[in-house]
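Let's take a walk through this protein together. Have the sequence and the 3D view ready, and follow along one element at a time.

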Amino acid sequence: MRPRLVPLAVSLVLVASAPTTRAQGDVPISMEEALRSARRIAPDLLVARARQSVARAEVGIAGVYPNPSVSVGTSTQAAALSGTVSIPLVILGQRGAAVDAARADEATVALDTQVTWNDVRQATERAFVALWLAEGVAVARRDSAIIEAALESSVVQRVQVGSAPEIDALRVHAEKLRADADVLEADAAVTAAGSELGRWIGVTDGGALRTKGGLVGPDAAPPLATLLARIDASAPVRRELSDVHASEARADRERALVRPQMFLDLGVDAFDPTLVPPGSPPGTPAPLNYRGQLTVEVPILNQRGPYIDRERALGDVARARVQAARAQLAAELAAAYRTFEAATARQRTMMDAVVPAAQSAAKATEEAYALGRAQLIAVLDAERSLVDARVTSFQAQAVRASAWVDVEHALGVP
């Protein structure tokens, strides 16, 4: 008498449908929600915004006028009291050049924030894809464990009635233990992937995070040449171009500082009453003396040449970084694009051919076993092949999504 195969048939349905089960307490999150949270509270992005605030304050600092100075004195032979006000005159363009340089640096820091967001977005999307993949693998492993349990029950029944050797029971039990261990490992991978995603969206304990919705990626990518033409608009390249402009603005600031500084001194002297000219009417006040003086710096010892040379050298460095950024992004884009193409072809092959074929093979093997034409171990192998095909299909989808994430990162998509 053959053992009943109802538990095995149920497991086949589970493998074919691959339902996504959620435990109580799981927190579902979509890709769009994860990106919104990351843009608001990602730690790296908060640091970049804080630096942007500092750069904004530097613009105000560059436009600050120097304070005037006041001096008061007295003497025993002339003025009993004298006062002088010295007013710095910043009228030869030094302040404007300094403000322009600070604004150029602020623009560069603002683009630094965009570059940081570009990196944060890539990390967030990759973490989401990793969590999605871990969940899919965990579902497949749990289905495999259900199959192994059903097979063990069937083999035990056959051993008890003497239609199978005891070695089959030992082997299927070992397979069940392996499947249970795979489930534990897969569940741990889900928790770890959730924690990594939580890092980017401000969740301290992301182990309960679970994905909802699909992965990123178009059905068909635009031509590679079209995408390569968009590299100059990416945040990393624009950041380096902005740094070139900032170095030029700083060089202009140094040239403006070569212009002489000027100080206007205005003073008054109140002389001792004993210095009233003889013959003056009684009650004549002590004479007052008014003074005016313009002081002009003579820039002959410091032409700020080394400072100007430094900014020119920094500009050359920034220009070199522009070329390096273009080359790096072009290579990153091309590699990610080809990976996307390959993963797309692999995913279609798995979904359209390999997985259906594995399902048909598993079903045929089960029917042959029910008729006594196949060994139980053949059913086990067929089911394991189906689970492996499903896992490979999940991996192909994850590789495809990750490749498109890298394409967007190279393009600096907002």
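Predicted model: local features only at pLDDT ≥ 70, side-chain atom pairs only at ≥ 80, totals over all residues.

**A sheet and its neighbouring helices**

Residues are numbered from 1 along each chain as its sequence is written, and side-chain values use heavy atoms, with hydrogens and water left out.

Strand β2 (residues 69-73) and strand β3 (residues 79-89) run antiparallel and are joined by 5 bridges; two strands count as paired if DSSP finds at least two bridges between them. Another of the links into β3 joins Val72 to Gly83. Together β2 and β3 make a hairpin, with 5 residues between them. In general, strands of a sheet pair through backbone hydrogen bonds, either parallel or antiparallel.

What lies beyond β3? Strand β5 (residues 262-271) pairs with β3 in the antiparallel sense, over 10 bridges. Here you can find Leu89 opposite Met262 of β5, and Ser82 with Asp269 of β5 as its bridge partner. Met262 also has a bridge partner in β6, namely Val296. That takes us to the pairing of β5 with β6, which is antiparallel over 9 bridges.

Now turn to the helices. The axes of helix α2 (residues 31-41) and helix α5 (residues 166-201) come within 7 Å and cross at roughly 50°; axes are lines fitted to C-alpha atoms, for helices over the stretch in contact, and angles run from 0 to 180 degrees between N-to-C directions. That angle makes α2 oblique to α5, since angles under 35 degrees count as roughly parallel, over 145 as roughly antiparallel, 65 to 115 as roughly perpendicular and the rest as oblique. Ala34, Ser37, Ala38 and Ile41 of α2 make the contact (heavy atoms within 4.5 Å) with Leu197, Trp200 and Ile201 of α5.

Where does Thr124 sit, and what does Thr124 touch? Thr124 belongs to helix α4 (residues 94-160). Leaving out residues up to four places away in sequence, Thr124 touches Ala34, Leu35, Ala38, Leu197, Trp200 and Ile201. Thr124 counts as buried because its relative accessibility is 0%, where buried means under 20% relative accessible area, exposed over 50% and partly exposed in between (1.4 Å probe, protein chains only).

Finally, follow α4 to helix α7 (residues 235-256): their axes come within 8 Å and cross at roughly 165°. That makes α4 roughly antiparallel to α7.

Conventions:
Helix = DSSP H or I, 4+ residues; strand = E, 2+ residues; numbered from the N terminus.
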